[in-house]
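Here is a short note to read beside the model. Please keep the structure open and check each point as you go.

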Amino acid sequence: MATTQPVDGDSAGTFLGHPKGLFVLFFAEMWERFSYYGMRALLIFYLTKHWLFSDSDAGIIYGAYTALVYITPVVGGYLADKYLGQRKAVLFGAVLLTLGHFFMAFEGDPAAGTENNPIVYVFWLALALIIVGSGFLKANISVIVGQLYPRTDTRRDAAYTIFYMGINLGAAIGSLLCGYIGETYGWAYGFGLAGIGMLAGLVVFVWGKPLLLEIGRAHV
């Protein structure tokens, strides 16, 4: 196996004392969190008000969904470390997430019920895509942040602070904006806005990949 030298993220230039790649990851993750928390803000209300699930059934679906979102990164991280590399894993996850969030925008007619209703199957597919996409993206994008710096670089802690500021910013804005739009103008608009946010995150990541140099690539 060929040995590879670690790549210093500073080689692509710096901004505010940090590699420019950090800010690519900041905005990509900010928009991903915008979409995830924006969709989550609507999910329980969508299940109970639109599809008329009982509170207990809606709670079970919501709980299972959020649990799987936080479990699947174990598998996504393993596949990235072993085969894909973090960059391909993040890209693949972002594509799945974008599709999943846009599929959530198909409302369907609740009068048709949930039995043999094709739009309900689209809803389940959307949740599955978001779960799997989160598994590939969530852990691996954080790993790339650390790989931008040498192991002994004291800027690493500050970099993660900046990165998590993007997470918190996206989560706050997404919850408020998607929640308001969905409740006021219709579920499709709220979920669609979450999808647009995820698409923005995907575009930022693809556009900014040159600033990541070889960081996060698979080395087999």
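1. Start with a term: a salt bridge is a side-chain nitrogen of Lys or Arg within 4 Å of a carboxyl oxygen of Asp or Glu. Asp153 and Arg155 form one, and their closest N and O atoms are 2.8 Å apart. Asp153 counts as buried, because its relative accessibility is 17%. Buried means under 20% relative accessible area, exposed over 50%, and partly exposed in between (1.4 Å probe, protein chains only).

2. A word on the source. This is a predicted model: local features need pLDDT of at least 70, side-chain atom pairs count only at pLDDT 80 or more, and totals for chains, interfaces and linings use all residues. Residues are numbered from 1 along each chain as its sequence is written, and side-chain values use heavy atoms, with hydrogens and water left out.

3. How many salt bridges does a search of the whole structure find? The search finds 5. One of them joins Glu214 and Arg217, at 2.9 Å from N to O. Glu214 is partly exposed at 41% relative accessibility. Arg217 is partly exposed too, at 39%. Elsewhere, salt bridges with shared partners link Glu29, Glu32 and Arg33 into one network.

4. Look inside that network. The side chains of Arg33 and Glu29 meet at 3.7 Å, N to O. These two residues are 4 apart in helix α1, so about one helical turn separates them. Helices here are DSSP runs (H or I, at least four residues), numbered from the N terminus. Is Arg33 buried or exposed? Arg33 is buried, at 3% relative accessibility. Glu29 is also buried, at 3%.

5. Now the helix pair. The axes of α1 (residues 20-50) and α6 come within 8 Å and cross at roughly 160°. That makes α1 roughly antiparallel to α6. Axes are lines fitted to C-alpha atoms, for helices over the stretch in contact, and angles run from 0 to 180 degrees between N-to-C directions. Angles over 145 degrees count as roughly antiparallel, under 35 as roughly parallel, 65 to 115 as roughly perpendicular and the rest as oblique.

6. Check two backbone angles. Leu52 is not a glycine, yet its phi is positive, about 60°. Leu52 sits in the loop between α1 and α2 (55-84). It counts as exposed, because its relative accessibility is 62%. Leu213 also has a positive phi, near 55°. Leu213 lies in the segment after α6, and at 25% relative accessibility Leu213 is partly exposed.
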